[in-house]
2 protein chains.
Amino acid sequence: MLAIKSRAIYIGRVRRGLPDMEKWFEGRELNFEEFLCFSLYSTNHAMNRVYTPVLKELGLTYPQYLVMLALWKKDGQLVGELGQKMHLESSTLTPLLKRLEKLNFVRRQRDAEDERKVRVTLTSEGHALHEQAACVPGQILEAIGMTPEEIIALSAQINKVRKNLESWSLDTTE
Amino acid sequence: MLAIKSRAIYIGRVRRGLPDMEKWFEGRELNFEEFLCFSLYSTNHAMNRVYTPVLKELGLTYPQYLVMLALWKKDGQLVGELGQKMHLESSTLTPLLKRLEKLNFVRRQRDAEDERKVRVTLTSEGHALHEQAACVPGQILEAIGMTPEEIIALSAQINKVRKNLESWSLDTTE
DNA sequence: CACAATTAAATCGTGCGCGATATAAAGGAG
DNA sequence: CTCCTTTATATCGCGCACGATTTAATTGTG
């Protein structure tokens, strides 16, 4: 497949895809920082660490906050809809929503027409939290240190990567 | 601080920082996908999901793989050095390294000169795993669907965000 | 030399995130 | 109408990730 040279990490043969990729990577030693996976991994955690003290004042964790964002955007969604939107499994969402329910920010109810489905609605406290949370993005925006245009452009690129990864997963499990 | 309007999420006053930021965000409703925090969050998890079956063949989890990458790059690092490089707390690294040690990929030893410090070295199996892991980046590269130049540029932007977030954290705890 | 301050790693408890599996409900085929 | 297939969510077990705290070792001060 490929030779090990001075313990460097070399890129193996590409199975399928973009032209000239193999040539470009052959013999080239990537720095750790250049790994996109590591950048996403470490920056996601850094974002979490910045949000945590800010959200602590609201009584929310970071993933809980993201779920609340989705519900403030559109109340009364099904667990499945939330899962699709947030790219999370029900095994992650159900316990998280139960904790939010315990905090009295949401209510979970079986759909009357289809009892397999669970609908998630905001309580009055959940709505009220929205107002309290209004200043959060401004604080984080300051921490990010980019213009809004730059942020939106960067998000678009990152979203594209996610979509490619999701497509690839579906392709390879055919 | 800021008015709530039709349950939309509006951006609060920026405490410090970039010019004209407040004007740009006032009155503008962000879509969920435009949140950089969500893009990083969901794409990091998507990256994890793509790596997981590939790494399963090596007997590694995604975070374990990232640690091995760091050690293949530079063997014999201290736990503290690894922590700095990977932006992880010792409370995360120590259990993870213990699992790698149990898998016989690394060995942990107290430094002889300073017994507070623990040095992590690769075993022969850990070295051998490096060869087996050589094809991993190529497979993932295909899944990402970007040119290497694009990937490196995107990683640099994401790394810049992480650095800004880290600086901001230090500033606000003064 | 003794003790306080600092440093490095480890432990604990909690909150995720996912794959595998289970449970229950709805829809379709015979 | 019955039974099989599909769908939606829930449970379980494991591996993180971190803040708070503890333990042990080193360094610095008086």
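The views come from a predicted model, in which local features need pLDDT of at least 70 and side-chain atom pairs count only at pLDDT 80 or more, while totals for chains, interfaces and linings use all residues. Residues are numbered from 1 along each chain as its sequence is written, and chains are lettered from A and ligands numbered from 1 in the order in which they are written.

**View 1. Packing of H3(B) and H4(B).** The two helices pack at an angle of about 110 degrees with their axes 11 Å apart; axes are lines fitted to C-alpha atoms, for helices over the stretch in contact, and angles run from 0 to 180 degrees between N-to-C directions. H3(B) and H4(B) are therefore roughly perpendicular to each other. On the H3(B) side, B:Leu66, B:Val67 and B:Ala70 meet B:Leu82, B:Lys85 and B:Met86 of H4(B), where contact means C-beta atoms, placed from the backbone, within 7 Å. By class, this contact has 5 nonpolar, no polar and 1 charged residues. Ala, Val, Leu, Ile, Met, Phe, Trp, Tyr, Cys and Pro count as nonpolar, Asp, Glu, Lys and Arg as charged, and the others, Gly among them, as polar.

View 2. Chain A has 8 helices and 3 strands, which are DSSP runs numbered from the N terminus (helices H or I, at least four residues; strands E, at least two). Along the sequence they follow the pattern α-α-α-β-α-α-β-β-α-α-α. Of the 174 residues in chain A, 30% are buried (20 or more other C-beta atoms within 10 Å of the residue's own; exposed means 12 or fewer, partly exposed in between, with C-beta atoms placed from the backbone). A:Trp72 lies in helix H3 of chain A and counts as partly exposed, because it has 19 C-beta neighbours inside 10 Å. The C-alpha atoms of A:Trp72 and A:Cys135 are separated by 15 Å, and the two residues are 63 apart along the chain.

**View 3. The surface near DNA strand D.** A residue is near a strand if its C-beta atom, placed from the backbone, lies within 6 Å of it. DNA strand D is surrounded by 26 residues, and the closest are A:Gly80, A:Ser91, A:Thr94, B:Pro63 and B:Ser91. H5(B) provides the largest share of this surface, 4 residues. By class, the surface near DNA strand D has 6 nonpolar, 11 polar and 9 charged residues.

**View 4. The surface near DNA strand C.** Around DNA strand C there are 25 residues, of which A:Pro63, A:Ser91, B:Gly80, B:Ser91 and B:Thr94 come nearest. H5(A) gives the most to this surface, with 4 residues. The classes here are 6 nonpolar, 10 polar and 9 charged residues.

View 5. Most residues other than glycine have a negative phi. A:Asn104, though not a glycine, has a positive phi of about 65 degrees. A:Asn104 lies in the loop between H5 and strand S2 (106-110) of chain A and is exposed, with 12 other C-beta atoms within 10 Å. In chain B, B:Asn104 has a positive phi of about 65 degrees and is placed in the loop between H5 and strand S2 (106-110).

Technical notes. Angles under 35 degrees count as roughly parallel, over 145 as roughly antiparallel, 65 to 115 as roughly perpendicular and the rest as oblique. Two residues are in contact if their C-beta atoms, placed from the backbone, lie within 7 Å.
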